[in-house]
Amino acid sequence: MGSTGSIGRQALDVIRQHRDLFEVELLTANNSSELLIQQAVEFDANAVVICNEEKYNEVAEALQPHYIKVFAGMQSVCDLVTGDNIDIVLTSMVGFSGLSSTVAAVKAGKTIALANKETLVAAGKIVMGLAERHGARILPVDSEHSAIFQCLMGSAGAPIEKIHLTASGGPFRTWNREDIAKATRAQALNHPNWSMGSKITIDSATMMNKGLEIIEARWLFGTPGDKIQVVIHPESIIHSMVEYADGSVIAQMGHPDMREAIQFAFSYPFRLPLDNRKLNFAELGKMSFFAPDPEKFPALGLAYEALEKGGNMACIMNAANEAAVAAFLREEIGFYEITDIVGQCMNGADFAADPDLETIFETNETILARASELIGKISGRKSF
């Protein structure tokens, strides 16, 4: 789900290297019809879904000679991911949009290769409960959570003392707050280590991405927020670490390459060869670590606050952030106005202590509208 995005394209490269082991059944995209067509033909997909229904005819006409079934709309995604011909569902849609189809796959008992962190941020308690009830296995694809998962594999069930969630620090790691406040769209999109989509790259620049990962880790590994610590690691070689009661720390390392985490989710519990860059510790020389600056990156504090509050607060935070990031990418608001809008929405929203899935969807829509009002006041025109 989301085959034309950064994660989707890298996942298909993993499959390209192991065509004898993996078969593509379903590909989905929102707008990138031309690339979706190319992918479907190359991997001989059984079916595709173009979520933008206006592009259905274009995709259907192109794929008709290849006997590939074509569907349109998000409901088609939700229906098709439940099929008996599907074993693993890679959820790599951007933002809250991935929730409904992920829930459908979870209810069908599929193995979920989870790259859409917003699913657990917005509805972690609900989704993890559904996974347990329906026997769905959730395997992390985020490099940090895959690292934690791999570190736990050798622990023989020992309780976690602390999770050390590493962060590159993004493009503004060495900037002062005054200069960050004036950062442009192009500067924020210039990530030093990772090649990612625009939304996640801006989240990395604000460090909201790390805030989302704190909440995701809480649900994936059943670890309270006070045991999840963010550490800046500019080299992005250690993808995360787990500390145990005896002081031992297990780390997972590799060059910044999302294909490693994607492939491990696909092949778990086995490890397959991968045509990627391997570590040379003599060339690496050294690695550095330091604490994040909460004044420069207030998103981290907002994430811990949302996690402590519980209920629908993380959903509120996520929806406000999605709207604000979109506005920043449209150059309608400044960099720090992203977290300002998130904070205002969190402070003024209706709180639900124990939301159901319907409440989560309602919260998302309400907060998008509230954030739009705030953006409009800043930019002088409506954004959503």
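User: Which residues have the most contacts inside the largest nonpolar core?

Analyst: In this predicted model, the residues with the most contacts inside that core are Val-48, Phe-266, Met-317 and Phe-335. The core comprises 122 residues.

User: And which helix gives the most to this core?

Analyst: Helix H15, spanning residues 313–329, gives the most, with 13 residues.

User: What does Met-317 touch?

Analyst: Leaving aside residues up to four places away in sequence, Met-317 touches Val-121, Met-208, Leu-212, Ile-215, Leu-302, Ala-303, Ala-306, Val-342 and Met-346.

User: Turning to the open sheet of three strands, what is the order?

Analyst: The order is E1-E2-E3, and the pairing is parallel. Strands E1 (26–29) and E3 (69–72) stand at the edges with a single partner strand each, so one side of each has no neighbour in the sheet. On average, neighbouring strands are turned by 20° against each other, direction ignored.

User: How many bridges pair E2 and E3?

Analyst: Strand E2 (residues 47–50) pairs with E3 over four bridges, in the parallel sense. Within E3, Val-70 is the bridge partner of Val-48, and Val-48 is also among the core residues with the most contacts.

User: New topic: what is the volume of the second largest pocket, and what lines it?

Analyst: Its volume is about 600 Å³. The lining has 29 residues, of which Ile-15, Glu-23, Ile-88, Val-89 and Phe-266 lie nearest the pocket centre.

User: Which elements supply at least two residues of that lining?

Analyst: Helix H1 (6–17), strand E1, strand E4 (88–91) and helix H12 (258–267) each do. Helix H1 provides the largest share, four residues.

How values were computed. Residues are numbered from 1 along each chain as its sequence is written. This is a predicted model: local features need pLDDT of at least 70, side-chain atom pairs count only at pLDDT 80 or more; totals for chains, interfaces and linings use all residues. Side-chain values use heavy atoms; hydrogens and water are left out. A nonpolar core is a set of buried Ala, Val, Leu, Ile, Met, Phe, Trp, Tyr and Cys residues joined through side-chain atoms within 4.5 Å. Buried means under 20% relative accessible area, exposed over 50%, partly exposed in between (1.4 Å probe, protein chains only). Contact means heavy atoms within 4.5 Å. Two strands pair if DSSP finds at least two bridges between them. Axes are lines fitted to C-alpha atoms, for helices over the stretch in contact, and angles run from 0 to 180 degrees between N-to-C directions. On a 1 Å grid over the protein atoms alone, a cavity is a set of points where a 1.4 Å probe fits but cannot get out, and a pocket is an open set with protein on both sides within 12 Å along at least five of seven lines; lining residues have an atom within 4 Å of a point. Grid points are joined across faces, edges and corners, and a volume is the space filled by probe spheres set on the points.
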